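Hi,

Here is the structure I promised to pass on. My notes are below it.

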Amino acid sequence: MIGVHVRQARRGFTLIEILVVIVMIGIMMAIVVPHFRVSNAAHVRDAARLLASDLELARTKALTTTSRVRVVFDVAGQQYTGYLDDDRDSVFAQSAGEVNALAAFRPRVFTDGVQIGRGATPDVPGMAGAGAITLPNSRVQFATMGVTDPFGTTGVVYLRSSLDATAVAAVSITGAAGVRVWVYRGGAWQ
């Protein structure tokens with residue numbers, strides 16, 4: 001059969017079709033991505049929640065091991081470290097062995113522009129004290145019963161964004177080892 005042309009089905013995409021799809025994806029990403037950006041306030045709040053979680057973990061470890069646990073805050077290094085009195089002699093050498101014995105968390109360095117500090121924010125309600133850390137000697141210790149040691153020790157650790165002075169959060173610790181996260185919004189602690 002001469003003269004009969006068989007048309008084959010076209011398969012695939014042309015270069016122009018692919019470019020149009022890529023441009024459309026780019027436009028959609030330009031619209032959507034800014035909405036997923038994490039704010040400085042969210043970074044500070046998340047760091048405060050992690051700190052509160054670590055303090056609860058340290059308290060629980062003191063209860064379950066019937067050993068003292070200490071969490072030390074280092075403003076210069078912008079970090080905190082937990083220690084477990086594994087030999088139960090009530091003396092902390094703050095050694096690598098005591099860090100490893102806790103095994104709950106290693107030294108935590110604040111990231112994402114979060115640092116220990118409070119800027120010009122007022123005291124957390126009911127927790128007066130000057131400075132970024134109001135705990136004695138910038139540390140908190142949990143006794144074998146899970147309460148602060150010495151009993152009744154209270155304090156606050158303030159966190160702020162180095163990029164946004166209005167992004168501030170705090171973690172308070174009561175004498176009975178209650179831990180609470182506070183966020184400073186609209187001129188008040190919440």
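V21 lies in helix α1, residues 15-36 (helices are DSSP runs of H or I with at least four residues, strands are E runs of at least two, numbered from the N terminus). V21 is partly exposed, at 45% relative accessible area (buried is under 20%, exposed over 50%, partly exposed in between, with a 1.4 Å probe and protein chains only).

Before you read on: this is a predicted model, where local features need pLDDT of at least 70 and side-chain atom pairs pLDDT 80 or more, while totals for chains, interfaces and linings use all residues. Residues are numbered from 1 along each chain as its sequence is written, and side-chain values use heavy atoms, without hydrogens and water.

Next, Q94, which sits in the loop between β2 (79-84) and α3 (96-102). Q94 is partly exposed too, with a relative accessible area of 30%. Leaving out residues up to four places away in sequence, it touches R70, V72, Y83 and R139 (contact means heavy atoms within 4.5 Å). E56 is 38 residues from Q94 in sequence and 20 Å away in space, C-alpha to C-alpha.

Then the aromatics: a search of the whole structure gives four pairs (ring centres of Phe, Tyr or Trp, its six-membered ring, within 6.5 Å; planes under 30 degrees apart are stacked, over 60 edge-to-face, the rest tilted). Y158 and W189 make a tilted pair, 5.9 Å centre to centre with 55° between the planes. That pair links distant parts of the chain, from β6 (155-161) to β9 (188-189), 31 residues apart. Both Y158 and W189 are buried. F73, Y80 and F110 form one aromatic cluster.

Cheers
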